[in-house]
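Student: I would like to go through this structure with you. Could we begin with the space inside and then turn to the helices?

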Amino acid sequence: MTESSTPDTADVLVVGTGIAGCASALAAAREGADVLVLTKATRPEDASTDWAQGGISTTRGDPDRLKTDIIEASDGTADPAAVDVLVEHADDAVEDVLLETLEIGFDETSEGEFDYTREAAHSDSRILHVDASTGTHILRPFLNHLDGLANVEIRADTAALELLTHEGRVHGVLTDESSTGHPVYAGTTVLATGGIGSLYGRSTNPAGSTGDGIAMAALAGAEVADLEYVQFHPTAYAGNGSVEGRDGDEGEPTFLLSEALRGEGALLENAGGERFMHEYHPDAELAPRDVVARAVARERERTGEVVLDVSPLDFEREFPDLAAKCRERGLKGDRIPVAPCEHFLCGGVEVDHRGQTTLDRLYAVGECSRTGVHGANRLASTSLLEGLVWGLRAGEHAAGLETEPEIVEAPDLRNCDPALPPRFAAEKFTRLQQTMDGALGLERTHDEVARAGAILRRLKGEVDAYVRTRTARDLYELRNASVTALLIARAASENRDSVGCHHVVDDMHNVTPDPQH
């Protein structure tokens, strides 16, 4: 630690400001802990929660039915005990935080009751929403509420680079607030760093979704699980570019067309104007996401295009935010071209029912964690719920340990070599994305996964060589992305069973409809 680097301390340190990180901070603060929240985001829309459209699932008084839907959507692979935790605490968490504390104005019917909607693979209309921009309407009030708490500090535009560990225990993080790393010590640390969208060419995640928490935890020795289960959303706008808002992208940006559209009656049609989902699954447009995504990809390859026909619903009135996005891009009619797009990682850092990882005093919540709820395929509108429930449980438990921050020796990161060219990290990311898109997308072969693993190992070696002598956020994001990508490839190579999002085919160009999977 340099002489000029004075460490910060907190009872509970939270890394990330999506719904899971905010819930952790809220719960810890309620227990009287001094909470420091770090985020590399500079505005709310940098968090995946802000991009969440459809809504947040409730049980509507029937947790057993929701549990059944979650397990069926997971292809039977979700952990029943973890699902029990989710469904048993779902309605209380929503009532406590979203309705009573934040007073979120969820959409209502003309009778003044909640306008619950239905999404794919749900057997009931049970999803609370605000138009199709639910995440925005939750996250911003949540951040404002935390800002008003005396024992919570939110530090934006601050990236965590490394976990500080000593004798098997996590003591905080090194941040990029100093050119050689600034230590932040905490009694307990909660990772809530979000997803992995930047590992793919097209994603519904915001820029900067580089698997930071997964990589940092894995490098520190934490167990990870289910990383092969990368979920693709079936209906992203099929523009020519990649994810909306990414710097340096060319072409037309994409955006998500909420599953709630199909829940309210929108239909999928191929270039010939034919509905096709009934050939792939008896639930047609309301089949699980992995089935619909593969079907859309195959019909696009077979006929040249797939569109989402929104004419069966009052698109402009029921979904004004999405309708406005379509009109801004010159889409005047009811037929919106769509394609699958990377959406959510079902696995992550392995945690227990309170978000504890396999490392002492380290928790993980939200998309960077693996609770077991999602198994091989996530049910729609359960991500915000999982983040809320596990965030509250992790924050409360972390604060309850009453562990004093301990100052341990923190290494100085080296920053002695000249800066790299401005496009260096971006060009390496392109190589990484091409590898992930080609071998670890909707459908995989074991041979392609093996080749991708070899490419990613070489890339990680190259990146490690640069990180050793340079401390820069984009380089550490590239390192985290390469570590996480390699872990995904490794998990995919070790899982010989084709299930859920991990769909293995012998010949990717010789496939036929799979009515169930």
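Student: Which elements each supply at least two residues of the lining of the largest cavity?

Tutor: This is a predicted model. In it, β10 (230-237) and α8 (289-303) each supply at least two residues of that lining.

Student: Which residues line the largest cavity?

Tutor: The lining is made up of V230, F232, D290, R294, L442 and C501. By class, 4 of the lining residues are nonpolar, none is polar and 2 are charged.

Student: How much space lies in the largest cavity?

Tutor: The largest cavity holds about 30 Å³ of space. The structure has 1 cavity of 30 Å³ or more.

Student: Is G304 buried or exposed?

Tutor: G304 is exposed, since its relative accessible area is 55%, and the cut-off for exposed is over 50%.

Student: On to α12. Which of its residues are buried?

Tutor: The buried residues of α12 are F424, A425, K428, F429, L432, Q433, T435, M436 and A439. Viewed down the axis of α12, these buried residues fall within an arc of 160 degrees, so they line one face of the helix.

Student: Why would residues three or four places apart point the same way?

Tutor: An α-helix has 3.6 residues a turn, so residues at that spacing point the same way.

Student: Which exposed residues does the face of α12 turned away from its buried side carry?

Tutor: That face carries the exposed residues E427 and Q434.

Student: And what covers the buried residues of α12?

Tutor: The cover includes β17 (443-444), α13 (446-467) and α14 (473-494).

Student: How far apart are the end C-alpha atoms of α12?

Tutor: They are 23 Å apart. At 1.5 Å a residue, the 16 residues of α12 (residues 424-439) should span 22 Å, which agrees.

Student: What about α11: what span should its 18 residues have?

Tutor: At 1.5 Å a residue, α11 (residues 383-400) should span 26 Å, and its end C-alpha atoms are 25 Å apart, which agrees.

Student: How many of the residues of α11 are buried?

Tutor: Of its 18 residues, 14 are buried, so α11 is largely enclosed by the rest of the structure.

Student: Which residue with a positive phi follows α11?

Tutor: That residue is E402, whose phi is near 50 degrees.

Note on methods: Residues are numbered from 1 along each chain as its sequence is written. This is a predicted model: local features need pLDDT of at least 70, side-chain atom pairs count only at pLDDT 80 or more; totals for chains, interfaces and linings use all residues. Side-chain values use heavy atoms; hydrogens and water are left out. Helices (H or I, at least four residues) and strands (E, at least two) are DSSP runs, numbered from the N terminus. The expected span of a helix is 1.5 Å times one less than its number of residues. Buried means under 20% relative accessible area, exposed over 50%, partly exposed in between (1.4 Å probe, protein chains only). The arc is that of the directions from the helix axis to the C-beta atoms. Contact means heavy atoms within 4.5 Å. On a 1 Å grid over the protein atoms alone, a cavity is a set of points where a 1.4 Å probe fits but cannot get out, and a pocket is an open set with protein on both sides within 12 Å along at least five of seven lines; lining residues have an atom within 4 Å of a point. Grid points are joined across faces, edges and corners, and a volume is the space filled by probe spheres set on the points. Ala, Val, Leu, Ile, Met, Phe, Trp, Tyr, Cys and Pro count as nonpolar, Asp, Glu, Lys and Arg as charged, and the others, Gly among them, as polar.
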